[in-house]
Amino acid sequence: MTDAELADVIRATERARLQALVDADMVTADALHADDYQLITPGGASLSKAEYLAGIADGSLRYRRFDPDGEVQVRSWGSAAAARYEVIINVDADGTTYHDRCWHTDIYELRDGRWLAVWSHATRIRTL
């Protein structure tokens, strides 16, 4: 597979992951996140896969919008790849609604023939 083809696979996987989170499609979301997945939120909280997906499943974390805004850039090395992009996020979290623009970075690893998200990190973009 060429670098360009791999980048397209990672972009497609990332878009499918984001859509699954918005749709609260727990089967797809579970399949696209590694068991040892970890999210660092814009507020600095660290969530395991179990914590993150449980919040989506029980509705305490509800994505209304989670859309890349611009190109999803991809770099890969061996059995790992990173996707980085700006994203618009509208989310209800524990009774508070957030409308944010963030930088989002996701690290994927190839495991048993599938690309799985292992780390995600979102940084809120602030206007100076």
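Guide: Let me start with E14, which touches Y85, H104, D106 and Y108, leaving out residues up to four places away in sequence. Keep in mind that this is a predicted model.

Visitor: Where does E14 sit, and why is E14 called buried?
Guide: E14 is part of helix α1.

Visitor: What makes the phi of D94 worth a remark?
Guide: Most residues other than glycine have a negative phi. D94 is not a glycine, yet its phi is positive, near 50°. D112 also has a positive phi, of about 50°, without being a glycine. There is a positive phi after α3 as well, near 85°, but that residue is G59.

Visitor: How do you know that β5 and β6 pair?
Guide: Pairing takes at least two bridges, and β5 and β6 are joined by 14, so they pair; the strands run antiparallel. As one place to look, V87 stands opposite C102 in β6. The two strands form a hairpin with 2 residues between them, and D94 is in the turn.

Visitor: How do you know that β6 and β7 pair?
Guide: They have 10 bridges in the antiparallel sense, against a requirement of at least two, so they qualify. R111 has R114 in β7 as its bridge partner. This hairpin has 2 residues between the strands, and D112 takes its positive phi there.

Visitor: Why do you say that the buried residues of α3 line one face?
Guide: In α3, residues 49–58, the buried ones are K49, Y52, L53, G55 and I56. Down the helix axis they fall within an arc of 150°, so they line one face. The face turned away from the buried side carries exposed A50, A57 and D58.

Visitor: What covers the buried residues of α3?
Guide: The cover includes α1, α2, β1, β2 and β3. Take Y52: beyond its neighbours within four places in sequence, it contacts L21, H33, Y37, L39, L47, L61, Y63 and F66.

Visitor: Which residues have the most contacts inside the largest nonpolar core?
Guide: They are I10, L21, Y52, Y63 and F66, in a core of 30 residues. Elements supplying at least two residues each are α1, β1, α3, β3, β5, β6 and β7. There's also a second, separate core of 5 residues, with A34, A82, L116 and V118 among them.

Visitor: What lines the largest pocket?
Guide: Its lining has 21 residues, and T41, P42, L61, V91 and A93 lie nearest the centre. Two or more lining residues come from each of α3, β3, β5, β6 and β7. The space inside is about 470 Å³.

Terms used:
Residues numbered from 1 in each chain as written. Predicted model: local features only at pLDDT ≥ 70, side-chain atom pairs only at ≥ 80, totals over all residues. Heavy atoms only, no water. Buried < 20%, exposed > 50% of the residue type's maximum accessible area, 1.4 Å probe, protein only. Helix = DSSP H or I, 4+ residues; strand = E, 2+ residues; numbered from the N terminus. Arc of directions from axis to C-beta. Contact = heavy atoms within 4.5 Å. Core = buried A, V, L, I, M, F, W, Y, C linked by side-chain atoms within 4.5 Å. 1 Å grid on protein atoms, 1.4 Å probe; cavity = no way out; pocket = protein on both sides within 12 Å on 5 of 7 lines; lining within 4 Å. Points joined across faces, edges and corners; volume = space filled by probe spheres on them.
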